[in-house]
Amino acid sequence: MNPEASEARDSVGTATAVPTLRLSGVKKSFGTLTANDNIDLDLMPGEVHAVLGENGAGKSTLMNIVFGALAPDEGTLEVDGVPTPWPTQREAIHRGVGMVHQHFMLVPTFTVAENVLLAVLWTAQGRHYKLKDAVRAVREMGERFDLDLDPNVQSDDLSVGEKLRLEIVKVLLQGELSGGLRVLILDEPTALLTHQEIQDLFQIIRRFASEGTAVAIITHKLQEVMAVSDRVTVLRDGRLIRTMQTSQASPASLAELMVGRELPKRTHVHSVGGDVVLRVSSLTLIEQGSTLLDHIAFEVRSGEIVGIAGVAGNGQDQLAECVTGLRRSTRGEVWLGDRDITAAARDELIQGEIAHIPEDRRASGMVPSASLKHNFVLGVHRWKEFQKRGWLRHDVIDQHGSRLVELMSVRATGIDQPIGSLSGGNQQRVILGRELHKRAAFILASEPTRGLDVVGTDYIRDVLVEQRDVGAAVLLISLDLDEILALSDRILVMYGGRIVGEVDPRQGDVAQIGLLMGGAKAGTAA
């Protein structure tokens, strides 16, 4: 048994405390890859336990073993101090173990109540359960746990935060039908949430813990660990590094445990900016009678990062699409330098005039089944550099791919490896390498660090600052308010399809921006 894990167990609280679940010596391999290597873990009643690590550290594998979705190669399990066989997923649910996965398990065309009913029927817990029972349960759970949802709304029409609530309601109901939810596992639950939704989630988590539920939250966000957890277990390369009381840790010490070395501290140097590179004036988008963008106007200058802050669904996506040629505005203009690109074709813009890091890298930024080398030239393959008389210059493409793999520090077996098999951070490095090779004057980065660990996040942020420092105009769209504050030279806040304020990050704070994001001061500058 890992001595550090034993030490942590002794420091949990009273000596008589019995873990709800105790895992010892867990090992799990996939071929030659060891995902979990001799890991010990206790989940205590009434405790929030963070499982922290970089992408690929083995966090989700370990929790999927707890949930019964994976079987370990070695290791033992105790439930309330009693040795117990490893469960199947249904058996885990019947024991009161619930898991909210990073990628939601919802049927988009089903209503909230229908998704809840499906979850209950799948576990064979509610053979006599009817849709009206699911409707009633959604309303009761909403009142009891502040998880308000309309049971008759189609799940595809829910916000990301509402979808997360629905997943929690499903797990809660499964637990209720099993005699009570005893363990709640949340896999990267805040990846797509706004600042306020994260705070709401933390309140829900604390409420579960106060009622005796053991809560395990998988994350790589250091501030969230400090904000919500009682204990933290750090994994690195599939091995347990340390388990400790969160009160004994700091973001810096946890980061060092995660990556095995001290990370350099970032200091933000404010930039004023030079000539106007992007100018948006009176940009309006009306679709099916709804005004999605309402007279948007702003400028981005060379050598500055302008951040767009806002709650999801307030026009940020439509703004990005209009600027990059993916969507046509109803009125208004977009100028790049001295050229009107309002009606320019998307393929024309992405061939060099605009570097675009899309919000959804898998859907919009790459071809997952294609190789790294071909993703490195995606959209620019018609450049004379890469083709001659209509024929691709494969030797040049190979050299280009090898050079960018080294330059961007992409961890891969080679340039022929499918990009879809890489981690999210390495996929983002490939996209970034391709876009920056354009040497475009304007960069639009939408959620550039979403889903990345601390090392990947720092790397992407450093690259964006470097591009600003060599004269690029950067428009940053992010739901991560900390990211907006850390990188932006100016902050524009969107609400209801409008820019409702501009904030200087040197004076602005989260509360001030939060008011603007909520529309409290709509129509006025900060």
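Modeller: A residue is called buried when its relative accessible area is under 20%. Keep in mind that this model is predicted.

Colleague: What share of the 526 residues in the protein chain is buried?

Modeller: Apply that cut-off of under 20% relative accessible area. Of the 526 residues in the protein chain, the buried ones make up 52%.

Colleague: What radius of gyration does the protein chain have, against the value for a compact globule?

Modeller: Start from the length, 526 residues.

Colleague: Which strands stand at the edges of the open sheet, and why does each have a side without a neighbour?

Modeller: Four strands form this antiparallel sheet, in the order β12-β11-β14-β15. Each edge strand has a single partner strand, so one of its sides is left without a neighbour in the sheet. The edge strands are β12 (290-301) and β15 (339-340).

Colleague: In β12, which residue is the bridge partner of Val280?

Modeller: Look at strand β11, residues 276-287. Eight bridges join β11 to β12, and the two run antiparallel. In β12, the bridge partner of Val280 is Phe298.

Colleague: How many aromatic pairs are there?

Modeller: Ring centres must lie within 6.5 Å to pair. By this rule, the count is two.

Colleague: Is the pair of Phe145 and Phe208 stacked or tilted?

Modeller: The ring centres of Phe145 and Phe208 are 5.3 Å apart. Planes under 30 degrees apart count as stacked, and over 60 as edge-to-face. The planes of Phe145 and Phe208 stand at 45°, so the pair is tilted.

Colleague: Which helices hold Phe145 and Phe208?

Modeller: Both residues are buried. The pair ties together parts that are 63 residues apart in sequence. Phe145 lies in helix α5, and Phe208 in helix α7.

Colleague: Is the pair of Trp383 and Phe386 stacked or tilted?

Modeller: Phe386 is buried, with a relative accessible area of 0%. The ring centres of Trp383 and Phe386 are 6.4 Å apart. Their planes are at 15°, so the pair is stacked.

Colleague: Where do the buried residues of α18 lie around the axis, and what arc do they cover?

Modeller: In helix α18 (residues 510-517), the buried residues are Ile513, Leu516 and Met517. They lie on the same side of α18, because they cover an arc of only 100°.

Note on methods
Residues are numbered from 1 along each chain as its sequence is written. This is a predicted model: local features need pLDDT of at least 70, side-chain atom pairs count only at pLDDT 80 or more; totals for chains, interfaces and linings use all residues. Side-chain values use heavy atoms; hydrogens and water are left out. Two strands pair if DSSP finds at least two bridges between them. Rings of Phe, Tyr and Trp (its six-membered ring) pair if their centres lie within 6.5 Å; planes under 30 degrees apart count as stacked, over 60 as edge-to-face and the rest as tilted. Buried means under 20% relative accessible area, exposed over 50%, partly exposed in between (1.4 Å probe, protein chains only). The arc is that of the directions from the helix axis to the C-beta atoms. The radius of gyration is taken over C-alpha atoms; the globule rule is 2.2 Å times the number of residues to the power 0.38.
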